[in-house]
Amino acid sequence: RALRAKGDPEAAIREYLDAIRLEPDDFTAYFNIGNALVDTGDLQGAAASYRDAILRKPDHAESYYALGMTLADGGDPEGAIEAYHQAIRIRPDYAEAHCNLGNVLKRHGRVRDALASLRTGHELGSVRPDWDYPSKRWVEEVEWKVALLSGTAQPRDAVERIELAALLYAESRHAESARMA
């Protein structure tokens with residue numbers, strides 16, 4: 001970890017690979033390689049390394065969480081959603097996983113599902129003194145989008161009309177979406 005902290009992820013990876021040669025089932029080495037590969041920008045390699053960690057310790061919620069972040073950043077939202085669900089299954093009080101799940105769902109138009117995850121993440125995290133996620137704002141934003149979708153609120157401007165059209169389209173409400181344009 002020290003080499004990674006010093007900004008030398010490649011050297012850290014070499015050290016972790018040496019550790020794996022000595023102890024092939026050490027899940028932490030695979031997890032740490034994943035973290036170092038994220039630092040280098042190799043998201044596919046990082047995802048593979050997190051999966052290797054999961055194979056060795058399937059109840060490590062943090063490996064699923066890191067995999068979810070990597071998959072979300074790498075353009076695989078469905079994979080990210082599944083990884084976050086696994087992290088939450090293992091650790092139901094994992095506020096960060098709930099919030100990240102909610103944000104992936106929100107980005108992909110699944111705002112009703114997103115709201116539940118974001119609310120749970122906010123409720124779990126906001127009581128912690130170290131909580132620095134803007135989860136209250138996220139919940140409020142998604143509550144507004146759900147109100148728009150349900151018709152209990154109306155778009156205030158052209159930008160919100162376009163956003164509502166996209167949300168309706170994501171819910172396969174194509175005719176309603178077209179009327180918003």
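Which residues in helix 5 meet which residues in helix 7?

Mentor: Y65, M69 and A72 in helix 5 meet E96, A97, N100, V104 and R107 in helix 7. Contact here means heavy atoms within 4.5 Å. Before we go on, some ground rules. This is a predicted model, so local features need pLDDT of at least 70, side-chain atom pairs count only at pLDDT 80 or more, and totals for chains, interfaces and linings use all residues. Residues are numbered from 1 along each chain as its sequence is written, and side-chain values use heavy atoms, with hydrogens and water left out. Helices (H or I, at least four residues) and strands (E, at least two) are DSSP runs, numbered from the N terminus.

Back to your contact. The residues where helix 5 meets helix 7 divide into five nonpolar, one polar and two charged. In this count, Ala, Val, Leu, Ile, Met, Phe, Trp, Tyr, Cys and Pro are nonpolar, Asp, Glu, Lys and Arg are charged, and the others, Gly among them, are polar.

Now the geometry. Helix 7 covers residues 95-107. Helix 5 and helix 7 pack at about 20°, with their axes 11 Å apart. Axes are lines fitted to C-alpha atoms, for helices over the stretch in contact, and angles run from 0 to 180 degrees between N-to-C directions. Helix 5 and helix 7 are therefore roughly parallel. The cut-offs are under 35 degrees for roughly parallel, over 145 for roughly antiparallel, 65 to 115 for roughly perpendicular, and oblique for the rest. Helix 5 passes helix 7 in a left-handed crossing. Left-handed means the near helix is turned anticlockwise from the far one by less than a right angle, while clockwise is right-handed.

T70 is buried, with a relative accessible area of 4%. Buried means under 20% relative accessible area, exposed means over 50%, and partly exposed is in between (1.4 Å probe, protein chains only). Leaving aside residues up to four places away in sequence, T70 touches V38, L43, A46, A47 and Y50.

The expected span is 1.5 Å times one less than the number of residues.

Helix 3 comes next. It also has 14 residues. Its first and last C-alpha atoms are 20 Å apart, close to the expected 20 Å. Ten of its 14 residues are buried, so helix 3 is largely enclosed by the rest of the structure. Those residues are F27, A29, Y30, F31, N32, I33, G34, N35, A36 and L37. After helix 3 comes G41, with a positive phi near 90°.

Another pairing sits further along the chain. Helix 8 (residues 111-125) and helix 9 (residues 135-150) have axes that come within 9 Å and cross at roughly 155°. Helix 8 and helix 9 are therefore roughly antiparallel. Their crossing is left-handed. Helix 8 contributes V111, R112, A114, L115, L118, R119 and H122 to the contact, and the residues from helix 9 include W138, V139, V142 and V146. The residues of this contact divide into nine nonpolar, three polar and five charged.

At the end of the chain, compare two serines. S172 is in the loop between helix 10 (158-170) and helix 11 (174-180). Its phi is positive, near 65°, in a residue other than glycine. S172 is exposed, at 54% relative accessible area. S177 is in helix 11 and counts as buried, at 10%. Not counting residues up to four places away in sequence, S177 touches A165, L168 and Y169.

Finally, the whole chain. It has eleven helices and zero strands. Of its 181 residues, 45% count as buried. Its C-alpha trace spans about 65 × 35 × 30 Å along the principal axes. Among contacts between residues at least 6 apart in sequence, 43% join residues at least 24 apart.
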